Amino acid sequence: MQLVLELNLLNSTVGKGKLIKFAELETFDHVFEATYGKLKGSDFHLKGKWHKSYFNNNHPIIVELGCGKGEYTVELAKLFPNKNFIGIDIKGARMWKGAKQSFEQGLKNVAFIRTNIELSGLFFQTNEVDEIWLTFPDPQMKSTRKRLTATNFIQNYRQFLKNRGIIHLKTDSNFQYQYTLAMVNENGFKIVSNTNNLYESEILDDILNIKTFYEKQWLARGILIKYLSFEMNDKIPLTEPLVDIEKDEYRSFGRSARDL
């Protein structure tokens, strides 16, 4: 009985914490909530207008899809004040951390959007985005169409990523890495950088050395981090690779894991 009471108290506390974070998100001018229910299939009001109506400059726009707690979005914005960064995730309680950090640090080249990644084409005009970051996405080993590097998602990115724009994948999952590498080779995308052991590679730099909350835990478990970047090509039809890839032997950390 005591254990049940303690669990109920914990769940109640966590629930209240999320409500507080959601309420604070609504006070940030650089955070937008635009779920399918709110958009109703219509384009977001800043689509094609991010430079003129939000950032007030013509600097390159870099989008982090599935930004989680926003570590990459915030740290990249600090490293590159002459570039604009937008983090997208459906989990507002996670996004709160990066949104709050960027607000407190006065970063003017940062925005966050709470929405589904599948809707990203509603937020950006053709050629409006220069780069995409995918940082530790769920490998979705059972469903190809849910993988953020599957050809149906790549086709979605083509709607707004510039031709020869760069897609960056940073992952702990060998399955995700091998699948994406097969997809890239199958469709003739030009590889910019590629390593199955980032922290022992020559390409490691200040950008790739940014570590997310979950990445630190994977590294502590001795899991190698993989990195692959490639250029978009909007001229060719896309083909899904027919490959049999060994599934990861370990389970990812629960998405409910929290900073202490």
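Which loop does Q140 lie in? Q140 sits in the loop between β5 (129–135) and α6 (151–157); helices (H or I, at least four residues) and strands (E, at least two) are DSSP runs, numbered from the N terminus.

## What kind of model this is

We're looking at a predicted model, where local features need pLDDT of at least 70 and side-chain atom pairs count only at pLDDT 80 or more, while totals for chains, interfaces and linings use all residues. Residues are numbered from 1 along each chain as its sequence is written, and side-chain values use heavy atoms, with hydrogens and water left out.

## Confidence along the chain

The average pLDDT (the predictor's confidence in each residue, from 0 to 100) comes to 89 for the protein. A score of at least 70 is reached by 90% of the residues.

Q140 is partly exposed, as its relative accessible area is 24%. For the record, buried means under 20% relative accessible area, exposed means over 50%, and partly exposed is in between (1.4 Å probe, protein chains only).

R164 isn't a glycine either, and its phi is positive too, about 75°. R164 belongs to strand β6 (residues 161–171), and it counts as exposed because its relative accessible area is 54%. Then there's G222, which follows α8 and has a positive phi near 80°.

## Salt bridges

Searching the whole structure turns up ten salt bridges, each a side-chain nitrogen of Lys or Arg within 4 Å of a carboxyl oxygen of Asp or Glu. In one of them, the side chains of K47 and D43 meet at 3.4 Å, N to O. K47 is buried, with 18% relative accessible area, whereas D43 is partly exposed at 45%.

K162 pairs up with D130, and their closest N and O atoms are 3.0 Å apart. That bridge ties together distant parts of the chain, with K162 in strand β6 and D130 in strand β5, 32 residues apart. K162 is partly exposed, as its relative accessible area is 32%; D130, at 19%, is buried.

K170 makes a salt bridge with E215, the closest N and O atoms lying 3.2 Å apart. This pair also links distant parts of the chain: K170 is in strand β6 and E215 in helix α8 (residues 213–220), 45 residues apart. Both K170 and E215 are buried. Elsewhere, salt bridges with shared partners join E24, K100 and E104 into one network.

## Around α8

What does the buried side of the story look like for α8? Its buried residues are F213, Y214, E215 and W218. Among what covers the buried residues of α8 are α4 (71–79) and β6.

Terms used. Contact = heavy atoms within 4.5 Å.
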